[in-house]
Amino acid sequence: MNRMHTLAKIMLSGVGIFFAIRLLASMPTLMWVAVTEPSDLSLPVALFWMAFLGLCLVALLYVFLYRGEGLAKRIVVVRELAEPDSKIQWLPAAFRLVCIAAGLYCLNLVIWNTTYILVRYLTHLSMYGDTPGTIVRTARFPSIEQVISCLLTLAVGVYLLGGAPHFVRWQVRKTLEQCKAFEKSDNSSR
Amino acid sequence: MTRMQTITKTVLMVLGIYGVVTLWRSYPGQYHYPDEAPVILQVLCLLAFAVLTVLIMYLMVFDNDSLCHKMTGAEDDSARAEQPALLTKSLRIGLVFTGLMLLPNSMPAMIKIPKLFFLIRPAVSDIITSRDVPNMLRLSGAEWFRNIYNLLKVILAIYLVCGAPHFVRWQLRHSRRAEPDEPETIANSHATN
């Protein structure tokens, strides 16, 4: 198994563990709904779903954690990649990648929230025949907090998508300082 | 510790922290009218979530070596990472990423925090003059839970975006202690014997 296979196996195991946590978290919710709102979900149905989710959990852990090796070999078909040039400063590049990914997530959230607000607004307009001013005054929608939160997320998202140069520089400096401090303390303790 | 084990450790920690946050987000007490649910169900549910949290934190954050070995499998020992610097860097990158992913979801709660400063004064004067609980504190159990959860999430997100320096330092010391002696050290000790 080469390094790429090991990486793929780590990622597959990570995905398996993440979804296992999500499945585990939904089990008590089913029981809760069955007891508090039996008209929505009866107890036998909840028990059936819990058993089904339990089976899914076992299958998920088996496939991703115990049989991850075979799956990784199927996913990664390339041989070992060449070592990257050690002269490349990978730390700032990694921080920039992280920032860009987070920026994309922020913008995704902004689009989602804006669509939600617009759909609710249009529903109010068409169903109740309210004027835009009335909706804001009486239904208090969209609230000032929602608007500010959306604008802030948009600003943060754009900054992060731009690579967040100040933040990356600050993080790299702090990381290198921490590495040096740990090395120093490690050497003095030996 | 090999390079792959370092990456695995980081992945496990990131997943552990993010997993605990998402776990409590789906706590049914905050959506499904906790006051109507029987007390035994509330206690059992809280207990189940607490046990899951402890398990996740223990297996994925504090003592993740066994899971780490299972995920990486048998590896060539010559691939040992030269310095603990790699762990520091990868941990910080992972934790900053987790913080940045939590941050946009915590934005509405963040905006509410400055608003609290304006509400505290009238609330305190309400308590002093009427000796009664002010309206802003008259919240249901679900609302209290949501507010506390959001506040903790904001604090966690900010701490992670700052790179979680104390946590990284603690992890480095912990992994250094857990690591077996390096080959040269073992060879030296044999030579002196």
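Begin by selecting Arg3(A), Thr6(A), Ile10(A), Gly14(A), Ile17(A), Phe18(A), Ile21(A), Arg22(A) and Ala25(A) in helix 1 of chain A, which meet Met4(B), Ile7(B), Thr8(B), Val11(B), Leu15(B), Gly19(B), Thr22(B) and Leu23(B) in helix 1 of chain B. Contact requires C-beta atoms, placed from the backbone, within 7 Å; helices are DSSP runs (H or I, at least four residues) numbered from the N terminus. By class, this contact has ten nonpolar, five polar and two charged residues (Ala, Val, Leu, Ile, Met, Phe, Trp, Tyr, Cys and Pro count as nonpolar, Asp, Glu, Lys and Arg as charged, the others, Gly among them, as polar).

This is a predicted model, in which local features need pLDDT of at least 70 and side-chain atom pairs pLDDT 80 or more, whereas totals for chains, interfaces and linings use all residues. Residues are numbered from 1 along each chain as its sequence is written, and chains are lettered from A, ligands numbered from 1, in the order in which they are written.

Next, display both helices whole: residues 3-36 of chain A and residues 3-25 of chain B pack at about 15°, with axes 10 Å apart. The axes are lines fitted to C-alpha atoms over the stretch in contact, and angles run from 0 to 180 degrees between N-to-C directions. The two helices are therefore roughly parallel (under 35 degrees).

Methods
Angles under 35 degrees count as roughly parallel, over 145 as roughly antiparallel, 65 to 115 as roughly perpendicular and the rest as oblique. Two residues are in contact if their C-beta atoms, placed from the backbone, lie within 7 Å.
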